[in-house]
Amino acid sequence: MRIWHGLLIALGLGVAGGLYITAPAPLDAGFASDHTADTEAGALVFAAAGCASCHTAPDGASEGPQVLAGGHAFASDFGTFYAPNISPDPASGIGAWDLPTFARAVTKGVSPDGAHYYPAFPYASYQNMTDADVADLFAYMQTLPASAQPNQPHDVGFPFNIRRGLGLWKVAFMPDGYVTPAPDDPVLARGRYLAEGLAHCAECHTPRNAVGALLTDQWMAGAPNPSGKGRVPNITPAALDWSESDLIEYFTSGFTPDYDSAGGEMVEVIENLSQLPEADRAALAAYVAALPPIPSP
Amino acid sequence: MKRIFGLSLATCALAAAAFAGSHANPALEGAVKARNAQMSVIAYHTGLLGGMAKGDVPYDAATAVAAAENLASAAAMKRAVLWIEGTEQGAVAGSRAKAEIWSDAAGFEEKAVALEAASSAMITAAGTDLDALRAAMADVGGSCGACHKAYRGPKN
């Protein structure tokens, strides 16, 4: 019930003031033009950001180059979203896009024709991406195979199917940049960039309010599993007493300190993290170990 | 083979249903406990091998082979009496088994066979040297993750 309330208010306001507040501006055509794109660095950004976990077909081959044909379904309280084709195919994918268009989609959540994307696409995290990482990522994605697979429309009912309302949602609920304060330590800073920027850990590990916004005061304190039974665990030190080396091992092999093995969606996250340099996994471990302890909700 | 497996699963489900009547079903709960105990045995021996692979514990061929043999025996336990239909997460307290174990029985069987193969290969590798053990560890670990990814739900 509360969901309808909030959304209807948001939509009402969206129609009244939203046209003005939420009209998205295009990015500068010279975006990152002083950066020479590096596809190898882009491959690591791609892995850390987990783009393939959502944009490859769920039953796709795990060997060989990733075909970003889309089709993966995401259940939510508002309906089912399907990840689109983002392969370099010019008609079905994003092969006709230039870098500023891509950067606006990934870091602002705005489509080439100015519509807002649903936050099931974790641009709220990707807004923290550096320009150089976006440029490298874009260059790397051009090297992947094209697919002509058409997009599957989202299965989302009224009023959630009105993208205009999302503009207000963004203004009201999207965290403005990082959630935890900037650390002085460069390792912790790298960990924060990976966790809150690229790897969007909070999208699964933080609970949401009635309109799907992350409850930042319960940062990483665990959440109901959106796609079924059980809970995504609390990873703050209030619930998890693993050492940093335990965490590094988990991010590398999936083994917990007592040799249980990670399951569910975390397996894909670990497949991605295990491709990163060890220093990045250590930075993530430092970030997780330093999270403010918050008891499970 | 598959038919027989399917049939015996159905028989077990019937047998289990025969015990039903009260709210908590001891037969179903027993199966969940037993297979988690099997998994604990698997995890313990994986830990012995993993400790050597990581260098936390010095490599010792005899210990490693014994651990690998127990791991392989545990992995080979007959599945029909442990993975009884009706024991998925939500249906029986403590279970984190996903319903897909039964709706996609062939896929689950494939993952179980992959662990059997990886742990048999570990017996030879564990007795060879530390490098062989390390290489075999990747397959063992991969087979745990592959099955847990598809067939095990998150914490209750």
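How many salt bridges does a search of the whole structure find over all chains? The search comes up with nine, where a salt bridge is a side-chain nitrogen of Lys or Arg within 4 Å of a carboxyl oxygen of Asp or Glu. Bear in mind that this is a predicted model, so local features need pLDDT of at least 70, side-chain atom pairs count only at pLDDT 80 or more, and totals for chains, interfaces and linings use all residues. Residues are numbered from 1 along each chain as its sequence is written, chains are lettered from A and ligands numbered from 1 in the order in which they are written, and side-chain values use heavy atoms, with hydrogens and water left out.

**The two chains**

- Chain A has twelve helices and five strands; helices (H or I, at least four residues) and strands (E, at least two) are DSSP runs, numbered from the N terminus.
- Of the 297 residues in chain A, 47% are buried, and here buried means under 20% relative accessible area, exposed means over 50%, and partly exposed is in between (1.4 Å probe, protein chains only).
- Take the contacts in chain A (heavy atoms within 4.5 Å) between residues at least 6 apart in sequence: 63% of them join residues at least 24 apart.
- Chain B has six helices and zero strands, giving the pattern α-α-α-α-α-α along the sequence.
- In chain B, 38% of the 156 residues are buried.
- Do the contact count for chain B, again with residues at least 6 apart in sequence, and 74% join residues at least 24 apart.

**Where chain B meets chain A**

- The contact draws 18 residues from chain B and 16 residues from chain A.
- About 1400 Å² is buried between chain B and chain A, with carbon and sulfur atoms giving 59% of that; buried area is the accessible area (1.4 Å probe) that two parts lose on being put together, summed over both.
- Two salt bridges run between chain B and chain A.
- B:Lys149 and A:Glu271 form a salt bridge, with their closest N and O atoms 3.7 Å apart.
- On the side of chain B that touches chain A, helix H2 (26-54) and helix H6 (130-151) of chain B each supply at least two residues.
- Sorted by class, that side of chain B has four nonpolar, ten polar and four charged residues; Ala, Val, Leu, Ile, Met, Phe, Trp, Tyr, Cys and Pro count as nonpolar, Asp, Glu, Lys and Arg as charged, and the others, Gly among them, as polar.

**A look at helix H8 of chain A**

- Helix H8 (residues 186-198) of chain A has 13 residues and reaches 17 Å from its first C-alpha to its last, close to the 18 Å expected at 1.5 Å a residue; the expected span is 1.5 Å times one less than the number of residues.
- Several residues of H8(A) are buried, including A:Tyr193, A:Leu194 and A:Leu198.
- The cover over the buried residues of H8(A) includes helix H2 (39-49), helix H5 (123-126), helix H6 (131-142) and helix H12 (278-289) of chain A.
- Just after H8(A), A:His200 takes a positive phi of about 40 degrees.

**Salt bridges inside the chains**

- A:Arg190 and A:Asp280 pair up through their side chains in a salt bridge (2.9 Å, N to O).
- A:Arg190 lies in helix H8 of chain A and A:Asp280 in helix H12 of chain A, so this pair ties together parts that are 90 residues apart in sequence.
- A:Arg190 is partly exposed at a relative accessible area of 34%, whereas A:Asp280 is buried at 11%.
- Another salt bridge links A:Arg281 and A:Glu278, with the closest N and O atoms 3.8 Å apart.
- A:Arg281 and A:Glu278 are three residues apart in helix H12 of chain A, so about one helical turn separates them.
- In chain B, the side chains of B:Arg79 and B:Glu109 meet in a salt bridge (3.1 Å, N to O).
- B:Arg79 lies in the loop between helix H3 (61-75) and helix H4 (100-103) of chain B and B:Glu109 in helix H5 (residues 105-128) of chain B, so the pair ties together parts that are 30 residues apart in sequence.
- Salt bridges that share partners join B:Arg79, B:Glu109 and B:Glu116 into one network.
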